[in-house]
Amino acid sequence: MTLATFLLGRVPRASVVVTAVLARRAISTSVIPATKLHLSPRVRDALAASRPVVALESTIITHGMPYPANVETARAVESIIRSHGAEPATIAIMDGNVHVGLDDAALERLGQLPRNAVTKTSRRDFAPVLARGGHGATTVAGTMVVAAAAGIDVFVTGGIGGVHRGAEETWDVSADLTELGRTPVTVVCAGVKSILDVPKTLEYLETQGVTVTTHAPLGADFPAFYTPSSGLPSPNHSPTIADCAGIVYHNRAMRLDSGVVVAVPIPTPTDAAGKKNDAAALIQRAVDQAVAEAEERRIKGKDATPFLLARVAELTGGQSLAANIALILNNAAVGAQIAVALAHMKKHGHTLLPQKNAQPASSAAVKPSLRPVVVGGLVLDITATTADSNEIELHSSYKGTVTQTPGGVARNVAEAMHRLGTAPILMSTVGDDVAGTAVRTATEALGMSTEGIVTVPGARTAVYNALHTADGELVTAVADMDVLRSPDIVDRVGRMLDNASLVVVDGNLGPVEFAKVALLAHKRNVPAIFEPTSVVKATTMPWATTPFGILKYTTPNLVELKAMANTMLAMDPSESQTLFRAAAPTGFPHDSRKTPEVVQAVLGCAWHVTRHIPRLLIKCGDLGAMYIERCAQDDASAARFGQSNIGAFYTHPKWTWASVVHEVHLLEQPKERTDQLLVGWVAPSNNVKVVNVTGAGDTLVGAFAASLHAHGDDLSLMADHVARAVRAAEATLASPLAVSEDLGEL
């Protein structure tokens, strides 16, 4: 049976010494001798390839936390940075050499060194530490010096130093502030430690010409390390990662030679029920008491901060340490995303934000304040695989492995968009149980927004529990998805759509909730993308009874497309005998090549489905992807389907094959309808090594939506959107993960 016959048939439902030029900038030998600067192989390779690198300080390891929490946190921070597509570079001096990037053994050694054996190293301290061949933990200022010498633009830390309380008498001002005024490195932090004088610190940064922005919505206060608000307004606000990266990009483009502070409020502490607790107030009281004690004991200078942090941890019973770890992990996720977005801007130009006086690509080009919304499944996937048995018997137990990973179509789509530099809002429902906490925490660890995740009291979080044999065959599975049909999500989606660029809705919602979300999007003129998810869900969602254009796009695979077409045929059997003719647009030469089999196979199905959903992105598996759009012949569509626009679509070089498809009328009298289909196909690459097929389709949808969000929906751009989506899906196919960590490099 050919592909066409199947689809058209009716069916039921270690280190390297660097001695020359490093990446984008020469080593500043006046500060660090080239022979003393050691880059790890991973950092060296990333810089040489202009891939994103994030610098990390080492004082937090040697002086900020006790062992083993210090090493465990350092490893977690590096893991988070890598998960977002950047390379971490922990900076420290060991045995008289400056290391940029530490392997695991070096991290472990550094974390266990006695505090008095390691010098806190700022700009002034490098020469003596190197001269005696000692160990040094770089402060914020010291890390900036090395990062700038190595060509690293983004640096993540907990909090920066500042003006100490009583500085009008002691003149105690952190060297971090003056370094920020003269070194072009971006510091991503949780603001200024509240043990300091925050108002004077902001004034000093202004005097030094340092750009300060808070990664938070407009109106948010500048954070104060342990607390999300200092009570002081932030000089600037950058709600999205692209906004943050845009500031860094232009700071460097103008060669200002000063740093940027991106302040990230600490995630609000919550209890097991998701309610805010009073940890912030407790910590602030401890800070006030510790400051008073430091003044009484006349502890000043470089000894002040370690004393205050240790005393606050003691007074809070360890809650401040937990908060410290939480904010560092959060900062790592944000900093990595900024580095990835910045690398993209440097490579492709500043395309993630609109240029001044630039014209939008189309009428649907996104406004800077709008964000994409993704609605649907957030699931805990539990997979049990037997160790050595391919024969499973009832009433027996088997050795094997059990993995738990966050999953769900909407979640995977949102992660793909997130890794491609957008800031999607994932909207889903979870229960107030262990699984709900796990998937929410995993989402936060990626740096993704969780503001759209609703906790339903007493409900069970969606779980997919599968049993596989040792050779990977599925034996059976149980899917508990009832929580995803909760009506609680609809009202919140309605509020989010007020500032949405587009909305992706997967088939995991209940039919009633699906219809409500689609209508809400239509009323707000927000393009809606329907991801069918499965054959059953593709045919049970009420898309076929909605008026034309309520849903703007759908993204089925070949089997789902066939099932959707059969749904239409069941409603109107007279449509089953339609034939088609591929042609070139008027005024363009005809492509004499034979219509590809995959295109022939889908045309009939696409004709029926586009009667209700005008634009299709079809996942063709190992045959690539296809875009089909119905050209409605009415006044409202005249501008979009002008001959120049159709010609730009047809001739785009990214298409492997493209055409304009007309219906062939079998009756003597032609039907009144004269619609036609625009068809473009992108074939897959020839050199993709498939490691894992899970998540490739979700990645394709996420990449397509991210491209629409960033560049608009003009016909001339559709080939670019589809080609980007195919390349992203191929990256996931070559990855063991549901969404490739390397999407940020595309």
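Modeller: In α15, the buried residues are V409, A410, R411, N412, V413, A414, E415, A416, M417, H418 and R419. That is eleven of eleven, so the helix is mostly covered. Keep in mind that this is a predicted model.

Charged side chains are part of that buried set. R411 and E415 are both buried, and they form a salt bridge with the closest N and O atoms 2.7 Å apart. Both sit in α15, which spans residues 409–419. They are four residues apart, about one turn of the helix. E415 also forms a salt bridge with R419, with the closest N and O atoms at 2.8 Å. Again the spacing is four residues, about one turn of α15. R419, like E415, is buried. By the rule used here, the salt bridges come to 27. After α15 comes G421, with a positive phi near 95 degrees.

Another salt bridge links R371 and E451. Their closest N and O atoms are 3.0 Å apart. R371 belongs to strand β16 (residues 371–375), while E451 is in the loop between α16 and β20 (453–456). The pair therefore ties together parts that are 80 residues apart in sequence. The two ends differ in cover. R371 has 18% relative accessibility and counts as buried, because the cut-off is under 20%. E451 has a relative accessible area of 38%, so it is partly exposed.

Next, the sheet. Four strands form an open sheet, ordered β18-β17-β21-β22, with mixed pairing. The edges are β18 (400–407) and β22 (474–480). Each has a single partner strand, so one side of each has no neighbour in the sheet. On average, neighbouring strands are turned by 15 degrees against each other, direction ignored. Strand β17 (residues 379–386) runs antiparallel to β18, and eight bridges join the two.

Strands β13 (residues 221–224) and β14 (residues 227–233) pair in the antiparallel sense over three bridges. D221 stands opposite P233 in β14. The two strands form a hairpin with two residues between them. In that turn, F225 has a positive phi of about 60 degrees.

Now a helix pair. The axes of α4 (residues 69–83) and α5 (residues 104–112) come within 9 Å and cross at roughly 145 degrees. The crossing of α4 past α5 is right-handed. From α4, the contact residues are N70, V71, A74, R75 and E78. From α5, they are D104, L107, E108 and G111. By class, this contact has three nonpolar, two polar and four charged residues.

I93 is placed in strand β6 (residues 87–94). Its relative accessible area is 0%, so I93 counts as buried. What does I93 touch, leaving aside its neighbours within four places in sequence? The contacts are V98, T121, F126, V129, L130, G134, H135 and G136. Take F126 from that set. I93 and F126 are 33 residues apart in sequence, and their C-alpha atoms are 8.7 Å apart in space.

Back to your helix, in brief. All eleven residues of α15 are buried. E415 pairs with R411 and with R419. G421 follows the helix with its positive phi.

Technical notes
Residues numbered from 1 in each chain as written. Predicted model: local features only at pLDDT ≥ 70, side-chain atom pairs only at ≥ 80, totals over all residues. Heavy atoms only, no water. Axes fitted to C-alpha atoms, helices over the stretch in contact; angles between N-to-C directions. Left-handed = near helix turned anticlockwise from the far one by under 90°. Contact = heavy atoms within 4.5 Å. Nonpolar A, V, L, I, M, F, W, Y, C, P; charged D, E, K, R; others polar. Pairing = 2+ DSSP bridges. Salt bridge = Lys/Arg side-chain N within 4 Å of Asp/Glu carboxyl O. Buried < 20%, exposed > 50% of the residue type's maximum accessible area, 1.4 Å probe, protein only.
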